[in-house]
Amino acid sequence: MIRSMTAFASARGEKAPFSWSWDLRSVNAKGLDLRLRVPDWLDGLEAALRADLTKALSRGSVNLTLRLGRGEEVPSLALNQAALAAVLDALAETEEQAMARGLTLAPSCAADLLALRGVLDAGSGEEDLTPVIAELKAEFGPLVQAFVQMREAEGMALAEILQNQLTRVEELTAQASELAEARKEAVAETLRANLARVLDNTDGADPDRVAQELALLAVKADVTEELDRLRAHVRAARGLLAQGGAVGRKLDFLMQEFNREANTLCSKSQNADLTAVGLELKAVIDQMREQVQNVE
């Protein structure tokens, strides 16, 4: 199965306090061009994602975007033992002095003490991102799989189009072969007339030499070799489509060979109908080449 270089996949996920979205897309390219936009504070994640993409893909301009956001989080609180001890000592001393002067203070409650600055600290310390990174790596595998499946689905559609175009090339090649066979007698008659004309108007010309030159012209006008090569190229292209995998470069090279044979056919045709078939061949081959540009 061949694969297209054009595809798209997306996904969403979360692991408190983070949520994220993936966006993975690609278009055709001569080689594999990976462009990743991943938060750089997630240590080691970009290298891991790049390695996964390199294993799964052979060609294409690939863009991966990971958007990561943090939700609202209730801060963790910790009791500052030293600050609390200092507050309690100060409270005890205050109550003693008040009693010594015959004063009665309102009783203190825990809420009053916790409200004092420094008694409760918001949790500080570095955040452990390991679980988040592990979750992102685990999610990336299914995302790449969905992406490759879309490439394969697009590849099946491409293969069908190319098979139909190859069938059309076969039909035109057969038509060209019939036209070339039908014109042989006309070409031979033209050569005989030209030979007679040359011999009638040239004194001392070697008839054998003139015949050889005219025969050489006939050989140069023969398109049998070009038609045979076109048939061979069709078989080779069908073989590559059946083989599957990363065959885009080979198919692209084969399109150049198709075009070369069609050009030569047109230049040698010396016949309006055969030239018309050659031009249609060139049009179909150009359409094939456009499709092949998307094959991985």
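A crossing of two helices is left-handed if the near helix is turned anticlockwise from the far one by less than a right angle, and right-handed if clockwise. In this predicted model, local features need pLDDT of at least 70, side-chain atom pairs count only at pLDDT 80 or more, and totals for chains, interfaces and linings use all residues. Residues are numbered from 1 along each chain as its sequence is written, and side-chain values use heavy atoms, with hydrogens and water left out.

Let us begin with the helix pair. The crossing of H1 and H4 is right-handed. Their axes (lines fitted to C-alpha atoms over the stretch in contact, with angles from 0 to 180 degrees between N-to-C directions) come within 11 Å and cross at roughly 25°. H1 is therefore roughly parallel to H4, a term for angles under 35 degrees. The table lists the residues that make the contact (heavy atoms within 4.5 Å).

| Helix | Contact residues |
|---|---|
| H1 | Leu 45, Ala 48, Leu 49, Asp 52, Leu 53, Ala 56 |
| H4 | Ile 133, Leu 136, Lys 137, Phe 140, Val 144, Val 148 |

Now to Ser 4, in the segment before strand S1 (7–15). Ser 4 is buried, with a relative accessible area of 3%; buried means under 20%, using a 1.4 Å probe and protein chains only. A polar atom of its side chain lies 3.0 Å from the backbone nitrogen of Thr 6. Leaving aside residues up to four places away in sequence, Ser 4 touches Arg 151, Glu 154, Gly 155, Leu 158, Asn 294 and Glu 296.

Across the protein chain, buried residues make up 32% of the 296 residues.

Definitions and conventions: Buried < 20%, exposed > 50% of the residue type's maximum accessible area, 1.4 Å probe, protein only. Helix = DSSP H or I, 4+ residues; strand = E, 2+ residues; numbered from the N terminus. Polar contact = N/O pair within 3.5 Å; in protein donor to acceptor, adjacent residues only side chain to side chain. Parallel < 35°, antiparallel > 145°, perpendicular 65-115°, else oblique.
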